Amino acid sequence: MMHIDTLDGHRRLSTQELLRMVEVAVQQGETEFVIAASGQHDIGGPLWNRAGRELVFHVRNPGQRVGAMCLPGTTVLVDGPTPADAGWLNSGGRVIVRGDAGDTAGHCAAAGSIYIAGRAGTRTGSLMKHDPQFEEPSLWVLRTVGDFSFEFMGGGRAVVCGLGCADGASPLGARPCVGMVGGVVYVRGQVDMLPEDVRQSELEASDIAWLKPGLADFLAAVGRPELHAALSHWGQWRKITPRPFAEGGRTVGLDMAAFRRQAWVQGGIFGDVLEDDGRVVGLAALGEDRLRMPVWAGRDCRDCRLCLKSCPCKAIAREEDERVGQDSAKGIYALQAEKCQGCGLCAGLCPVGAWDMQELLGHD
Amino acid sequence: MAAVMVQDLHCCDLPWQVDWQQDKCVLCGACAAACTVDAIHFVASSRGVRGAALRQRAELARACTGCGMCSRVCPQNAIRPLRNPDHRFPLLARANGPLKRGGRSNLHAQRTLDKLTVGRISQMTDPALDSERHVFDLRAPLGRVLPVRDLPLRVEGEALSLAAPTPPVRWIYPLMFSDMSIGALSTRAWEAIALACAYLNEQCHLPVRMCSGEGGMPGRLLESEHLQYMVLQIASGHFGWNRILRALPRMKTDPAGVLIKMGQGAKPGDGGLLPAAKVAAHIQAIRGVPRTTLHSPANHQGLYSIEEAVQKMHLSCNAAFGFRVPVAIKCAASVTSVAVYNNLLRDPYNICGGFFLDGIQGGTGAANEISLEHTGHPLASKLRHCYLAAQAQGRQGQIPLWVGGGVGQTGQAAADAFKLICLGANGVLVGKLLIQLLGCVGNEQGRCNACNTGRCPAGICTQDMRLVRRLDIDRGAQAIVDYMLAFDAELRKLLAPVGNTSLPVGRADVLVATDRAVAQALGLDYAC
């Protein structure tokens, strides 16, 4: 066991000096360290014993990122609180904090376990993830976490026991689980301000089966086994999971036509001053929606049938076809307005000007 | 055959020439049927085997506007309007008097905003946020915002209370649907915009407000809950206000605000203009006028100074709704805008709830082309100077600055809005963009812009039901909603990288200019 006191009178070991010292010792086979730190960063990892033996660090007063990038086989025991980033990018170690943790505890943890015996700060558990090649990470917090917790969480399991949480307060702080896409957060207490794309539900038997032994191990590790019974009322617990990908996507409201029928002014806002049946017509519309119409003038008609044959809408007929038995009006053509689009082909082609085009647009 | 004289009007004198390919044409007639200006017609062909040819009319009154409805409807892709760079239309058409049209300025389509980029993005000094997952506060005030020191606070035991009423302030979405009147727009177009506005509020949680324009308000809307989304406009014609006042006892809710229109960026110093062709029976009813060309006076008659504008108009409009509704004022951007804003900032009664500045690139339903092209003031520098004037007095944010005129002209409304907000705007207005979403094909290269003729090919700027029926209200409203949802996402996409969770009003340090003159005028860093 190697004891390191980082303070010698007014002389303090720098982070770099401490970490170099530890690394050399690990390479020489040392497996257990007791470090009286004075704010040095990154104590605990990533380190490994060549023979595969366990590494244990007993730390007091560490700086940020204690237990950061920890590898399997390493245990970091912090006797007291830690500042930010405890267990940052934990990749398999066991990080135990017997006090409060600062902000972003467990940030990006991807394996191993992190135990916090007090509170953890803002953005705790953010971006935790689970690489299927390795075991999933877990993060346990005895009391509460700060705002924006578990932001962008992508995997693993987090447990917030909510011990001592004030009445009405959320153990997860404000706006937890924003952008959460994977993993699960177990929490004891009432949570609010959850985003729409996660859901909160009751625990299932499989959840309890995982929580029960885990809780016992956690409480034993942080020296609070007496709390087990009080924290085991599973009805007080909820779990938060992201909605499956297929359920997400852009929120689509009512279909516009349905909205107009259900929520808009009935009959339209102009219904009292204007008759509008709501019909929608195309660019080349027929009948009363035409912009222009041919009018039969009959001048010098030679009955050449050009108008009748060229009409793309088949809107022109010889009058005797319409009035069977009366053929006295030879060469007179009639227009079936409901078929006519007002294109003016008839008038344009007539060699004698028997059709006149009349403007309808702007003439009520 | 009659001789062709050099002074005869010819299609080559017109701004658009119709290109028709006889070999493709199947003579279905749809192009001529769809053309609202009657620019094309069929004639007997001397050569065509099928006996017919399509001709463009060489007439000023029936000049092709380039709207392209013929191309849209042609099943054969056989016809299209071609821009004619050598046309003589501005010379010849003035034979019938001053030119009138709608749309935006075509000469002053300069895009100051495109010479600005969001240059202060640094993960080191200004940590970025996540635009899709973080929570942003995208709200802008409409109403007089009192500084904390001026709040009439009183301590009553343990509680804090107000000793006097404070001016009404609505915190709304920083984009407002701009004032386009009933009359300028068809009933369906206006209703589609109002419907989209309600949908955005009720289905999408975007508190977007719509300004009525000054052409009256539909009675049924005045008496519905949806009135809460409407900002009622009063301009120099006061059209339709008698109906608004008569509806007061039956209103279920207050409107969102009142906007006093003093001037319009597209045609400052010129009153509203609604050509007789668009004054249909229902417009006569809503406005209370006969069928004639309707001119609004250039000025509010009875206002002779800035002080009077503030005291009389603001007071009356505030009083009409019991001082519960914010009242703002809209002016065309001008050399004197800063003086006006300074004057408003001194308003001792706290009854001015916003200063709306309208730049030269604003659109209009009808204006004299001389006004549209040659009068007005660009927006960006005037906005910046108004903001800085308020800031110099420690009064920025007290009278919100809302700006419009060309916002979204290139389709990038979120970028325009963001840059204008950085220059000092609290919010922006869009108008033309909305009708373009409804189907308007007009642009700043002289296409269509026939809004004043009653022959709008999209059924938007006309009251003729033959054309209005072309417009599908639901599809139009949906297009606006879809654009606004994208706008909202894009605005966050600009907010997030600069690290703001709320609107960076006046944060010009976020911008750099890629043009030295623009940089100098706006007080920005020049970057190249």
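**Strand pairing and chain contacts in the predicted model**

In chain B, B:V258 stands opposite B:V327 of strand β17(B), where strands are DSSP runs (E) of at least two residues, helices are DSSP runs (H or I) of at least four, and both are numbered from the N terminus. The model is a predicted one, in which local features need pLDDT of at least 70 and side-chain atom pairs count only at pLDDT 80 or more, while totals for chains, interfaces and linings use all residues. Residues are numbered from 1 along each chain as its sequence is written, and chains are lettered from A and ligands numbered from 1 in the order in which they are written.

Strand β14 (residues 257-261) of chain B pairs with β17 (residues 327-332) in the parallel sense over four bridges, pairing being assigned where DSSP finds at least two bridges between two strands. Four bridges also join β14(B) to the parallel strand β13 (residues 230-234) of chain B, with B:L232 opposite B:V258. Between β13(B) and β14(B) the chain passes through helix α6 (residues 241-247) in a right-handed β-α-β crossover, a term meaning that, with the strands pointing away from the viewer, the path from the first strand over the helix to the second runs clockwise.

Elsewhere in chain B, three strands form an open sheet of mixed pairing in the order β6-β22-β23. Because β6 (116-118) and β23 (525-526) of chain B stand at the edges with a single partner strand each, one side of each is left without a neighbour in the sheet. The pairing of β22 (residues 511-513) with β23(B) is parallel over two bridges, and B:A513 has B:Y526 as its bridge partner.

The contact between the chains takes 51 residues from chain B and 44 residues from chain A, two residues being in contact if their C-beta atoms, placed from the backbone, lie within 7 Å. On the side of chain B that touches chain A, the largest share, nine residues, comes from α4(B). The residues of this side of chain B divide into 24 nonpolar, 13 polar and 14 charged, with Ala, Val, Leu, Ile, Met, Phe, Trp, Tyr, Cys and Pro counted as nonpolar, Asp, Glu, Lys and Arg as charged, and the others, Gly among them, as polar.
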